[in-house]
Every structure is written in C-alpha cells, then in structure tokens.
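Please open the model in your viewer and keep the selection tool at hand. We will go from one stop to the next, and at each stop there is something to select and something to look for.

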Amino acid sequence: MHTLALIVLAPLAGFLINGLLGRRLGERGVAIVGCALPLAAFVLTLQAFASLLASGAPVQEVAYTWAQFGARKLEIAFYLDRLSGVMTLVVTGVGTAIHVYSVGYMKGDESYARYFAYLNLFLFFMLLLVLGRSLLVLFVGWEGVGLASYLLIGFWFSDPEKAAAGKKAFIANRIGDAAFLIGMFALWATLGTLDLPTINETLARGVGAAVPVGLVALMLLIGATGKSAQIPLYVWLPDAMAGPTPVSALIHAATMVTAGVYLIARLPALYLAAPDVALLVSAVGAATALLAATIAVVQTDIKKVLAYSTISQLGLMFVALGVGAYAVAVFHVVTHAFFKACLFLGAGSVIHALSGEQDIRRMGGLARRIPITFATFAIATAAIAGLPPLAGFFSKDEILWFAAASPHGSWLLWAVASLASLLTAFYMFRLLWLVFFGSSRLTHEAEHHLHESPWIMTGVLVLLAALSAVGGFFPIPHFLEAQLPLPEVPQRLAHLQWPLIGVAVALALAGLAAAAWLYGGDGRRAQGMAAHFPAAHRLVSAKFYIDEIYQALLMKPLLWISDWVFLRLGDRLLIDGSLDGLAGLARRSAGRLSRVQSGNLQWYVLFALAGIVGALLWIWRHV
Amino acid sequence: MMDALLLHLDDALLAFFGLGALTGGVLMLVLREPMRVAMALVSTMVFLGGIYGLVGVHFIAAFQVLIYVGAVMVFMVYVIMLLDKRDSSMRRRYTRATVALGAVAAAGVLLLGLTAVVARAPAAMGKLRSTSFSLQDFATAFLREYWLQFELTSVLLLAAVVAAIALMKGSGESRG
Amino acid sequence: MDRLSLLLMLAMALFVLGLLGVIVRRNLLVMLMCMELMMNGVNLSLVTFAQQHAEPAGAVLVFLIFVVAAAEIALAIPIVLLLSRRRHTLDVGAYSELKG
C-alpha cells in the first residue's frame, strides 16, 4: 500500500507535467491536469483516512532510507495519524477547491501553465510537510513551501515591487528556518533521532533528560513565527498580497501559514516539558493578535485587511497552543481555512468584478449587483466574527475558554484575546459595509464593466461558505483528544464556561453594531473619528512603523557592513589586494631577476666560469 | 754554468719555451691593438710547437706551425688588417664590470687545478716518457683504430665548405 | 717538480688565461683569439697525457682538434665580418640583442 506516497507524489506529477509541457497542453489541458491531480490526492486521502478510522492505528509508510549512521537512521517516511489526517484533508480539500477557482480567476493570463505548475508544487511540499514522519521530511516540506510561496508571490515578477515582496517573504522565512535548524541539530545531537513519534514518546516518558527542551522549543517557536507570521517575523505577510488572490487564499490563509501551528501541535510533549517557552508561545500569539487587529482597522486595501486578519487569527491559534489546548488550535486551523479561504476568494471575486480595483474607498453598494459573492462573503464574515452557530464561533470560543481556564492560561490572556476578537468583528464588518453597502463610490470604468464572476468561481465560494457555516459541527477537538489531550480545567472555573460564551457572543455583536454605526449610511461618522485622533490614526495607518524600524535597525547596518566591511575592506582591500600584491611582487621580482639576461656575452661566460668553479669546489670536497 | 745548462738542455729549453708561451698569453690580455695581440698569439703558438718537439711528438709540432700559425693565424691577421677599425674597443679594452669577478673566478679555477696536480704524489703520475712517436706509427694508428674519426672529420670539412658557400651567398644577396 | 706537473700546470694556465680573456676583452676578434689560446692549452695537456701513457690516442685527438679549429676559424671570422658590417663596430657591447 503506497497510498501516502501517492498522495504526496500526485501534485508533484502535476507540477512536472504542467511545468514541462504546459505550453503544448493549452489552457484547457493545463486546467484539467492542474485540478485533477489534487483531486486525486484528496480522494486518496479520504481512503487513507477511512483506513485510519477503521484500524485505529496510524498509517505508516517508509518510502526510502536516506542515510544510516550505525544505529541512527534518516528515513523518508510518511505518517497519517489523527492530526496529520485532519490536516491532510484540509490541505487537499481546500487546495483542490482553490485550484478549481483559479481556473476561472487566472483565465487569460499569459503564464497560465506556470501558475498551475507552481500551485501543484506548493501542494506537493505542503503534503510532505504534513505527512512527514520525521522532522527532516517536515523541514524539506517547510523549505519547499517557502520556495513555492516566493515563486507565487512574485508570480508577476516583471513588476519590481511584486518581485521584492517575494524576496521579503523568502528572507523573513529564512531567518525562522535558521532557528528551526538549530533546534533540529540540538535534538539530533542529544536524542539521536528526528522521528516525531519517537521524540514525543521519549519526552512523554520523561527519559529525555539530555535534551535541552527549552532551547529546542524556543528555536522551533522562532521557526514557527517565521512561517506563521507572528511577532517578530510577520512583516512579510501583508506584502505577500502582491501575488494572485487564489495564492493568498491557499498559501497565506489556509495552509502554509498554519504550518507553524502544525509544527508545535506535532510536538506536544516538548512544549509540555518546557512550560516557560509555552508561556512565551501564548504571549507572542496574544500580542500579535492584538497588534494585527488594530492595524487591520485602518487598512484600505481589501486584501491587506484580510492579511492582517490572518495574522491576528494565527495569533489566537498560538494562544491556544501556548496554554496546552493543541486540539483546539488545530480546530481553529480547520475552521479558519474554510472561512478565510472563502473571504479571500470572495475578495478575488470582487476584484475580478471591478476589473482589478482593490481599494475599498472606491467600492460600495455591491450587495445587489454581485449577490452570490456578497452572500458568501457575508456568511464568512459572520463566521470569523464568531457569531453562532457558524464555524468560527465554536473554535474561537474554545480558544477563549482555554485561555481563561487552562492551568497555563490567565485572565490577562483571555482579556487580550477577547479584545482582539472584538476588533476582529469590528474591522470585518467594517470591510463588509464599505465594500457591499452604502452608496457606490466606484470609478466610471469599474461601474461600466461590473459583472458577477463565472460559476467556476462562485461555485467554490458557495462550497466554502457552506463549510464555514456547518464546519463547527465537526467534532474535531474530540476526535483529536485521543492523541492531543486537552488541559484539565480546575473545578472552581468549570461553571464559568457558559457565561464566557455569552460574553464572547456579546463582543461579536458589539463589533458588528459599532461597524454598522460608524460606516453605515454615508460613512461620515468614521471620518469624523479619524479627524478626532489624527496622531493615533497616522500611527496605526503606518503599521506602527515596524517596517521602517526594521529597515533602520537591521537593513541599514547590514547594508553598511556588507558595503564597508565585506566589500571594501574584505574583498577589495584584503583579498584583491593580497592577490594583486602577490602578482605585483612576482612582476617586480621578475623584472629585477631579468637583468641577468643582459645580452652581454661576457657576463654569460662569467656565469659559466662561476659555475665551473663551484662544481670543481664540490668535487674537490667530496670526491 | 754552461756545463750545467748543456747537461740539462732539455729542461732548460722546456723552461724557456714554457715561459715564453706564458708571457705570450699574458700579453694577449694586456695589449691594446688586435694586431699586437695576434702577434703575441703567434709567439705563444710557436713556443708551444717547440714544446711539442721537446716532448717527442715532432709531427704534431710540425702541424702546429703549419696549420695553426700558417693557416689560422694568417687568416686572423688578414682579417685584422681588413677590419682594423678605430672603434670603441680600442679605448675601452675591458668590460670593467667583469674584470674583478673574472679575475677571482679564474684564479679560483687555476688554484684548484694546481692543487689537484700538486697534491698527487709525483710517483703515482708516472714519468714522462721520452719516446718519440714516429709519423709511421701515428699514421698507422690513425687509419687503423681511429679511421671513423678520420671520416667524420672529412665530413666536418665538407660541412664547413658548404657553410662558407652559404655565407658568401647570403652576404652577396644582402649587398645586392 | 717534474716535467709532467710542469707541463700540466702550463696547460692549465694557458686555458685559464684564454678564458679570462674571453670574459674581459671587448674586441670580438681578440675574443676569438683568446678562444684559440684556450684550445692550445687543451692541446698541450692532451699531448702530455699521450706521452705519459704512451698512447697514440692523445696525439690523434690533437690532430683532429687542429682540423676542427681550422674549419671553425674559417667560418667564425666571416661571421664576425658580416656582423661587423651591420653594427659598424667590433665592440661586443653593441651585440646585446639577447637582452631581457
């Protein structure tokens, strides 16, 4: 049975076919290949998942033994347990849906084949990441999705800004990857294995005394912040919106950015053994959630709002991880995949309808005119805000509950997370109002060409909206509890569960109301608010100047060092100088030695005579 | 004194000729004009011829005078008479830079050679025979054991003739 | 000191004098003549050795050297002649085209 290997390899085949033969297949062929292979992967995943449920034991496949050092081994093996099963279903399912959407969205683009090739490549690496049994295979997938992300963000690379955005993503990820590597080195050196089930087992039994759990956990956390866009490495995600919208949906909302969450959820024993780092995880998550939510409130690009929203939601997932509620975090990954993908694809549909307009100040009143897009967008917005009984309500509520009630949580954590949720509801409904309600602020051109998207795009929207609506009823935390146990809630807090749910719903409705009040009608009240607090507005609009701070603190010194220390001093002065110096020395000494060749015959005879004298002396001494 | 001289006439003559040859050699280094140098060389060669005769190889002595003095030096004198230019080599006889070093090197060689000769016990070297080689013996030996060298020499002379013709031709073209 | 050593010392002295002359003197023809002096020194030593061992080989070699010397001088002098036509001087300092 090579089901798992086939699941991983199907998208790779798609990449190769579309990449090499894309031009010859034409748009139709490329679309068929590009969507059929992920669909095949999804079907195979269902099959593997069924066998997992039937047997109760994880499905394992060893594909290849890469290296063997005595007793230690490095293998390429795949592992489908409950956690990776859920993740794989999401990746292949939502992935296939987004591939189908892209058929309509990217229609007419001149690099159609390249797009689908890269998208399939991404899927291949993501499946490697999720299905890998050892940290090594996971890391290969980790790096690979970073590569695919770079390729797809900079897809329209002829625009230097877009290419720069791709570069920024790759470099920010690289910094996290360096930390990841250090963590892996520490594990290998002390434990002798990178096999995930083995690591978990060893640490859970308490026999991993030699492992520096704090260091490893911290390093992996830094790696996760790079991939999942948390403080301090989140700066690449808003810029990544330069890529095509389906890419933003798939990679920067549903799957790749959740890789960090997946990594930490994969090693629960490690983080339980290092409670200080777990606290740091939740602190980073909470801070990021709040920061991103505040920035999202003043954004004017439809995709940027959703990008900051993603960062914020990922922060909430990290909060859940930090307090030990791993299964809940994964639950939120799943629901977030549904509604965020729906939101991004809906935004793509709006952009498509308006022939490329992305600024929400030039939208408005679209509800009647692109109804399907509006309906699905509204459902997804309600889901992210946490209105019952939609999916987001269930997952977010669990997070808030465990933030408050878990032994590792605190009321402060709950307060920050709740504030972030309030802001989430607020800015999402603000977005909904500005885009779809009110009077039309469209440009004349956009007005003229306004049209609903084709069914291949709206069909996917409907599917994802439906999942956002009912997805909360999938008992995922319960399903995962067998593998990822939930933290014990102390008795004295158990009765607070329902009241806290009520508070959460109330906050969501408050956000909705505030947005409706500020942005309803002609939206002048919102502008009045902005005029009242000009300094705060400027600060938040400039994203708290974080990018500029990084530029000044990190980029400038690095550039200075590169220029003055490495280029001028090291390369030109030392290396070139020493080489030129050696060459010059050779030339000068050759010049001086060449004076022996004076052309003067008598000197030559003299030298011969001197040689004879020497030879005779030697003979006299030795013979 | 005369009796002593007559008794050891051979040795005296040998000493005289030897001294003469040496003087000629030294004069060659010292004299300024090429013609005088040529004359010094001629004298050295004649003295050497005398030494050969004393030693016993009379035909070699004859050939020395015939060939070396009669052909080589005559030719040399002809050319000196043709090319006696008053050029810078008259004023500056020596390459100043090499004089000191050359003298040292030459002295070194000489000393080494002399010590090599003197260091050996005279008895080991044997005595100088006084037997004279007759022309007949010489010719027989020449054509019997060393006839290959004889033939080779004739080839050499042929080559020299060819080369001389080539030189004449070449110089003729350059002039015309 | 017997005759043998004396003759050998004389031969060496002549050779060294000739070599020194080649090194030191500037006139091309004088240099050629010094080379002849060297050859004469060699001839003397050959004759001495021939007489020492009563071998005709030394004498034969001397004879061959005569021939070679004649042929050599017959060609060397025209070459010097032709050279001197180019440079219009017999000073060896003018002939340093091998310089560098």
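Begin by selecting chain A, whose secondary structure comes to 25 helices and 2 strands, where helices (H or I, at least four residues) and strands (E, at least two) are DSSP runs, numbered from the N terminus. This is a predicted model, in which local features need pLDDT of at least 70 and side-chain atom pairs count only at pLDDT 80 or more, while totals for chains, interfaces and linings use all residues. To find your way, note that residues are numbered from 1 along each chain as its sequence is written, and that chains are lettered from A and ligands numbered from 1 in the order in which they are written.

Next, colour the two domains of chain A, which are domain 1 (316-523) and domain 2 (546-589 + 598-622), with bounds that come from an automatic or database domain assignment. Taken over C-alpha atoms, the centres of domain 1 and domain 2 of chain A are separated by 68 Å.

Now select helix α12 (residues 275-297) and helix α17 (residues 411-436) of chain A, which pack at an angle of about 25° with their axes 9 Å apart; the axes are lines fitted to C-alpha atoms, for helices over the stretch in contact, and angles run from 0 to 180 degrees between N-to-C directions. That angle makes α12(A) roughly parallel to α17(A), since angles under 35 degrees count as roughly parallel, over 145 as roughly antiparallel, 65 to 115 as roughly perpendicular and the rest as oblique. Among the residues that make this contact are A:A286 and A:L290 of α12(A), and A:L423 and A:F426 of α17(A), where two residues are in contact if their C-beta atoms, placed from the backbone, lie within 7 Å.

Move on to the loops of chain A. In the loop between α7 (213-227) and α8 (236-239) you will find A:P232, and the peptide bond from A:I231 to A:P232 is cis, with omega near 0°. A second stop is A:P389, in the loop between α15 (371-385) and α16 (391-405), where a cis peptide bond with omega of about -5° joins A:P388 and A:P389. Most residues other than glycine have a negative phi, and most peptide bonds are trans.

Then select A:K543, in the loop between α23 (534-541) and α24 (546-593) of chain A, which has a positive phi of about 55° although it is not a glycine. A:F544 lies in the loop between α23 and α24 as well, and its phi is near 60°. A:K543 counts as partly exposed with 19 C-beta neighbours inside 10 Å, and A:F544 counts as partly exposed with 13.

Finally, show the other chains. How many residues does chain C bring to its contact with chain B? The contact takes 56 residues from chain C and 71 residues from chain B, and the largest share of the side of chain C, 20 residues, comes from α3(C). Between chain C and chain A, 10 residues of chain C are in contact with 10 residues of chain A.

Key. A residue is buried if 20 or more other C-beta atoms lie within 10 Å of its own, exposed if 12 or fewer, and partly exposed in between; C-beta atoms are placed from the backbone.
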